[in-house]
Amino acid sequence: MATTFRLAGCAMVQLTSDKRHRDAHRFYEKLGYASSHVGLKLKL
C-alpha cells in the first residue's frame with residue numbers, strides 16, 4: 001500500500017484512531033506507522 005501512495009506522489013499518510021482502540025494501534029504500528037502526537041477536543 002505504501003508503494004502505491006509513493007507512486008501517486010504522496011509524502012505522508014496520516015490517520016486518526018481513538019486511543020481506546022489498542023488493537024488498531026498495534027496493527028498500524030506493525031505496518032510502520034508511528035505515533036506522532038496527542039489530539040485534544042473540547043465538547044461544547
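## Basis

Residues are numbered from 1 along each chain as its sequence is written, and side-chain values use heavy atoms, with hydrogens and water left out. The model is predicted, so local features need pLDDT of at least 70 and side-chain atom pairs count only at pLDDT 80 or more, while totals for chains, interfaces and linings use all residues.

## Overall layout

The chain has two helices and zero strands. Both kinds of element are DSSP runs, numbered from the N terminus: helices are H or I with at least four residues, strands are E with at least two. Helix 1 covers 2-7. Helix 2 covers residues 22-30. The C-alpha trace spans about 40 × 25 × 15 Å along its principal axes.

The chain has 44 residues, and 0% of them count as buried. Buried means under 20% relative accessible area, exposed over 50%, and partly exposed in between (1.4 Å probe, protein chains only). The accessible surface comes to about 4800 Å². Carbon and sulfur atoms hold 57% of that surface. These areas come from the Shrake-Rupley method with a 1.4 Å probe; for residues, only the protein chains shown count as cover.

## Salt bridges

A salt bridge is a side-chain nitrogen of Lys or Arg within 4 Å of a carboxyl oxygen of Asp or Glu. The count is two.

Arg20 is exposed because its relative accessibility is 67%. Asp18 has a relative accessible area of 30%, so Asp18 is partly exposed.

Another joins Arg26 to Asp23, with the closest N and O atoms 2.2 Å apart. Both residues lie in helix 2. They are three residues apart, about one turn of the helix. Arg26 is partly exposed at 43%, whereas Asp23 is exposed at 58%.

## Aromatic cluster

The structure holds two aromatic pairs. Phe27 and Tyr28 form an edge-to-face pair, 5.0 Å centre to centre with 80° between the planes. Tyr28 and Tyr33 also form an edge-to-face pair, at 5.2 Å and 75°. Rings of Phe, Tyr and Trp (its six-membered ring) pair if their centres lie within 6.5 Å; planes under 30 degrees apart count as stacked, over 60 as edge-to-face and the rest as tilted.

Phe27, Tyr28 and Tyr33 make up one aromatic cluster. Each member is partly exposed: Phe27 at 48%, Tyr28 at 29% and Tyr33 at 26%.

## Largest pocket

Rolling a probe the size of a water molecule over the atoms shows where empty space is left. Here the largest pocket has a volume of about 1300 Å³. A pocket is an open set of points on a 1 Å grid over the protein atoms alone, where a 1.4 Å probe fits and protein lies on both sides within 12 Å along at least five of seven lines; lining residues have an atom within 4 Å of a point. Grid points are joined across faces, edges and corners, and the volume is the space filled by probe spheres set on the points.

The lining has 30 residues. Leu15, Thr16, Ser17, Ser35 and Ser36 are the closest to the pocket centre. Helix 1 and helix 2 each give two or more residues to the lining. The largest share, four residues, comes from helix 2. By class, the lining has 14 nonpolar, nine polar and seven charged residues. Nonpolar covers Ala, Val, Leu, Ile, Met, Phe, Trp, Tyr, Cys and Pro; charged covers Asp, Glu, Lys and Arg; the others, Gly among them, are polar.
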